[in-house]
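Subject: Structure handover

Hello,

Here is the structure I promised to pass on. Please open it alongside this message.

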Amino acid sequence: MTATGIHKEGARPRRSYQRLSERLRRFMAEERFQSGDRLPPERTLAENFEVSRSSIRKAIQMLADKGLLESRQGDGTYVRAPDMEPLKNAILEAVDSENLVFDEIMEFRKILEPAIAELAALRHSPEQLDQLKIIACDQQRRLLAGQEDGDLDARFHHCLALCAGNSLLAGTMDHLNKRYATGRTAELRDAQWRQFSVSSHLRIIDALERRSPADCRKAIEEHLNTILQKHPFVTTRD
């Protein structure tokens, strides 16, 4: 067997455990487990998910490594609230190393994107509008499947900039999306946040369909203001 073959065979189980850990995370969300609640025993989970107990143990370990579960020797597995501070501090430190804090990114977005939205309302093509609808539908599907959608969120805002018909604005948004990538990580975008993103994007699409610059500007401003009020990386609030 080649080295390549060994690598591929080794990769499949990891993906399998990742999928199982996501199923387990969705189960916890659907059953409304809170921090401090104890999960059902491994045997019960294995039967419910129709997998082996060893697979359940590996999936639990993956979630424990992310700070979502805590295994207590002889006492079972407990849900724990994720500790966002280490992640927040690490990302903010990385952003600060480039002399660009998250608040400055959001300030720039509040200047740039409403202007983009107004132009997009007047200049978008039917094909571009259809593309935005496809992105929003893909976001909705991932929401229902409990999957991350940060890449689709970035794509939506870039596509909106393309609708403005100005290559400099589109290029700036592409660059801004790369700067803002740390604000769209899977750890930050829970189901509630992904639902907010989809709903906001649908309101923007509705304003675009009516070719209303004022409504499009209002929709994107409301979107950004909600981020400023809710996002854990914002250090100053208006």
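**Confidence**

This is a predicted model. The mean pLDDT of the chain is 81. Of its residues, 82% reach 70 or more.

**Salt bridges**

A search of the whole structure gives 17 salt bridges.

Begin with Arg38 and Asp75. Their side chains meet in a salt bridge, at 3.5 Å from N to O. Arg38 sits in the loop between α1 (3–30) and α2 (42–49), and Asp75 in the loop between β1 (69–72) and β2 (76–79), so the bridge ties together parts that are 37 residues apart in sequence. Arg38 is partly exposed, with a relative accessible area of 48%. Asp75 is also partly exposed, at 31%.

Next, look at helix α6 (residues 126–145). Arg141 forms a salt bridge with Asp138 there, and the closest N and O atoms are 2.1 Å apart. The two residues are 3 apart in the helix, so about one helical turn separates them. Arg141 counts as exposed, because its relative accessibility is 53% and the cut-off is over 50%.

Helix α7 (residues 150–163) holds another pair, Asp151 and Arg155. Their closest N and O atoms are 3.9 Å apart in a salt bridge. They are 4 residues apart, again about one helical turn. Both are partly exposed: Asp151 at 38% relative accessibility, Arg155 at 42%.

**Helix α9**

Helix α9 covers residues 191–209. At 1.5 Å a residue, its 19 residues should span 27 Å. The end C-alpha atoms are 27 Å apart, which agrees.

What does α9 pack against? Its buried residues pack against α5 (102–123), α6, α7 and α10 (213–230). Among those buried residues are Trp193, Phe196, Val198, Ile204, Ile205 and Leu208. Arg194 and His201 are on the buried list too. Just after α9, Arg211 takes a positive phi of about 50°.

Best wishes

Methods
Residues are numbered from 1 along each chain as its sequence is written. This is a predicted model: local features need pLDDT of at least 70, side-chain atom pairs count only at pLDDT 80 or more; totals for chains, interfaces and linings use all residues. Side-chain values use heavy atoms; hydrogens and water are left out. pLDDT is the predictor's confidence in each residue, from 0 to 100. A salt bridge is a side-chain nitrogen of Lys or Arg within 4 Å of a carboxyl oxygen of Asp or Glu. Buried means under 20% relative accessible area, exposed over 50%, partly exposed in between (1.4 Å probe, protein chains only). The expected span of a helix is 1.5 Å times one less than its number of residues. Contact means heavy atoms within 4.5 Å.
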